[in-house]
Amino acid sequence: MTPRVLLLLFLAAAACRSATPLPPPPAPTPAAFRVPEAIRWTRESVEHRALFLQVYRSATAHVEREAAARAPGTWAVVLDGDETVIDNSRYQLERAQAGKGFDAESWREWCARREATPLPGAAAFLSRVHALGGRIAIVTNRTAAECPDTEAVFRAHGLAYDAMLCKPDGGSSDKSPRFEAVAGGTTPAGPPPLDVVAFVGDNVRDFPGLSQAMRTQGDEAFAPFGTRYFVLPNPMYGSWEQ
């Protein structure tokens with residue numbers, strides 16, 4: 001076979017090889033879902049449970065002292081609902097897994113599922129308040145439409161309360177008018193006017209007249225915390241995000 005024929009055969013073989021399409025590159029492997037640290041801390045950490053028990057024990061000791069100087073039925077405690085008494089971290093986890101954030105529709109669906117659970121220390125604190133003769137107002141920014149499902153969760157878990165004050169549908173999220181209703185005895189739980197001896201919440205707006213503007217103030221502005229105001233940890237969401 002002549003060199004010329006060998007060259008022609010080589011070129012023909014090369015042409016055949018180049019005409020064969022290359023296989024597509026492998027598809028990239030999707031990154032494994034990683035639970036956001038704030039949600040993971042809330043759901044899994046020992047510190048989260050310890051802090052809730054610690055705060056509720058401190059609040060209980062305060063209420064016991066206050067109750068000793070008051071007649072039964074004349075005083076009350078005010079608590080927020082979500083991330084204060086009941087745990088919605090499952091909702092936060094599901095939204096993160098879906099790559100989505102909060103929206104009103106998904107939140108309504110979550111409330112209707114009635115799957116929130118009590119947070120550590122909450123049930124014992126509420127029971128102790130009632131045993132001491134106090135009344136309990138839950139002041140929550142769940143809407144009036146979401147209130148029946150919220151009350152169902154409280155009843156299902158034996159969480160004591162006397163008034164569930166939800167945000168009016170389409171109304172303001174400012175809790176001040178509802179705080180005033182508790183003190184004035186104008187809630188659905190009825191009169192008399194009540195001396196509110198403690199507020200418990202996870203957001204600075206769960207306390208009368210307070211906001212994130214406190215961050216610019218000195219430590220003296222925080223004097224009510226640990227004495228009449230009791231704040232719980234919530235790294236998942238809050239007014240601090242704004």
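**Notebook: pockets, cavities and a few residues**

I looked up the open spaces first, and I noted that about 970 Å³ of space lies in the largest pocket. Of the 38 residues that line this pocket, I found Phe-102, Asn-141, Asn-203, Tyr-237 and Gly-238 closest to its centre. I kept in mind that this is a predicted model, in which local features need pLDDT of at least 70 and side-chain atom pairs count only at pLDDT 80 or more, while totals for chains, interfaces and linings use all residues. Residues are numbered from 1 along each chain as its sequence is written, and side-chain values use heavy atoms, with hydrogens and water left out.

For my own use I wrote down the terms: on a 1 Å grid over the protein atoms alone, a cavity is a set of points where a 1.4 Å probe fits but cannot get out, a pocket is an open set with protein on both sides within 12 Å along at least five of seven lines, and lining residues have an atom within 4 Å of a point. A volume is the space filled by probe spheres set on the points, with grid points joined across faces, edges and corners.

I then asked which elements supply the lining of the largest pocket, and helix 2 (37-44), helix 4, strand 4 and helix 8 each give at least two residues (helices, H or I, of at least four residues and strands, E, of at least two are DSSP runs numbered from the N terminus). By class, this lining divides into 13 nonpolar, twelve polar and 13 charged residues (Ala, Val, Leu, Ile, Met, Phe, Trp, Tyr, Cys and Pro count as nonpolar, Asp, Glu, Lys and Arg as charged, and the others, Gly among them, as polar).

The second largest pocket has a volume of about 210 Å³, and of its 15 lining residues the closest to its centre are Asp-202, Asn-203, Val-204, Gln-212 and Val-231.

The largest cavity holds about 60 Å³, and strand 4 (135-143) and helix 8 (176-184) are the elements that give two or more residues to its lining. Strand 4 has the largest share of that lining, with three residues. The second largest cavity holds about 40 Å³, and among the residues that line this cavity are His-48, Phe-52 and Asp-87.

Next I looked up helix 5 (residues 104-113), whose buried residues are Ser-106, Trp-107, Trp-110 and Cys-111 (buried means under 20% relative accessible area, exposed over 50%, partly exposed in between, with a 1.4 Å probe and protein chains only). Seen down the axis of helix 5, these residues fall within an arc of 140 degrees, so they line one face of the helix (the arc is that of the directions from the helix axis to the C-beta atoms). Among what covers them are helix 4 (89-97) and helix 7 (147-156).

Last, I checked Thr-60, which has its place in helix 3 (residues 46-67) and counts as buried because its relative accessibility is 16%. Not counting residues up to four places away in sequence, Thr-60 touches Phe-125 and Arg-128 (contact means heavy atoms within 4.5 Å). I also looked at Gly-121, which lies in the loop between strand 3 (117-118) and helix 6 (122-131) and, at 22% relative accessibility, counts as partly exposed.
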